[in-house]
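Here's a quick briefing to read alongside the model. Have a look at the structure first, then work through the points below.

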Amino acid sequence: DKLHIATMNTNKAINESNEGVKTQKLLVAQKRQADAYLQTKVRELKQKQAELQNSVMLTEKAKQEKYAEMQKLYVALQREKAKTDRGFRENEKRYLETIFNNMKPVINKLAKEQKFDMVIDETIVKGLLYHNLNIVDITNQVITEFNNLSNGK
C-alpha cells in the first residue's frame, strides 16, 4: 500500500485566500502611510538644509552647529525608518501566521475527508529527487473551503 499524500502551496493558499488578499491590501496601505510620513520628514529636513545654505545672517560657527543638529535629525529619521520597517515585517508575519492558523482546520478537514495520510508543503515535494508516490495538490481546494468558511457558508 502506498501512502496517500497531499501537497499544498502554503504561500499561495495564504496570499490568494480572501483573508490573505484583504490583509495584503491593509499591509500595503500601512506601508504607504508610513513611507509618506517619512518622506514628508525628509523633505522638511532638506528644505531646512537648503535654507541654511542660503542663509547669510548666520556666522560660520552657527551654520556648523545647525548642520550638526540636522545631521542628528537625519540619523534619528533613519532609525525611525528602520524601526517602522521592522514593525511592518513583524505585523506581516503575525497576520500571515494568524491566517495560516485559521486555515489549519480546513486542511485537516480536507485531509480526513479525502483520507490522506499526510499533507505536506509543496517545497518539500520539490526537494525530492525521486519518489514513486501519488501526490495530490489540494491548494485550490483549501483556498475555496477557507474562503467559504470565512464568508460564513
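K115 is exposed, with a relative accessible area of 66% (exposed means over 50%, buried under 20% and partly exposed in between, using a 1.4 Å probe and protein chains only). K115 sits in the loop between α3 and β2, and its phi is near 55 degrees, a positive value in a residue other than glycine. Helices (H or I, at least four residues) and strands (E, at least two) are DSSP runs, numbered from the N terminus.

A note on what you're looking at: this is a predicted model, where local features need pLDDT of at least 70 and side-chain atom pairs count only at pLDDT 80 or more, while totals for chains, interfaces and linings use all residues. Residues are numbered from 1 along each chain as its sequence is written, and side-chain values use heavy atoms, with hydrogens and water left out.

**Strand β2**
- V119 is in strand β2, residues 118–121.
- With 29% relative accessibility, V119 counts as partly exposed.
- Beyond residues up to four places away in sequence, V119 touches A6, M8, I107, A111 and I138 (contact means heavy atoms within 4.5 Å).
- V119 and L3 are 116 residues apart along the chain, and their C-alpha atoms are separated by 11 Å.

**Helix α5**
- Helix α5 has 12 residues (139–150) and should span 16 Å at 1.5 Å a residue, which agrees with its end C-alpha atoms being 16 Å apart; the expected span is 1.5 Å times one less than the number of residues.
- T139, V142, I143, F146 and N147 are the buried residues of α5.
- Seen down the axis of α5, these buried residues fall within an arc of 125 degrees, so they line one face of the helix (the arc is that of the directions from the helix axis to the C-beta atoms).
- The cover over them includes β1 (4–8), α1 (10–16), α2, α3 and β3 (134–137).
- N147 has 12% relative accessibility and so counts as buried.
- Setting aside neighbours within four places in sequence, N147 is in contact with E16, S17 and N18.

**The largest pocket**
- K41, E44, L45, K48, L73, A76, L77 and E80 line the largest pocket; a pocket is an open set of points on a 1 Å grid over the protein atoms alone, where a 1.4 Å probe fits, with protein on both sides within 12 Å along at least five of seven lines, and lining residues have an atom within 4 Å of a point.
- At least two residues of this lining come from each of α2 (18–53) and α3 (60–113).
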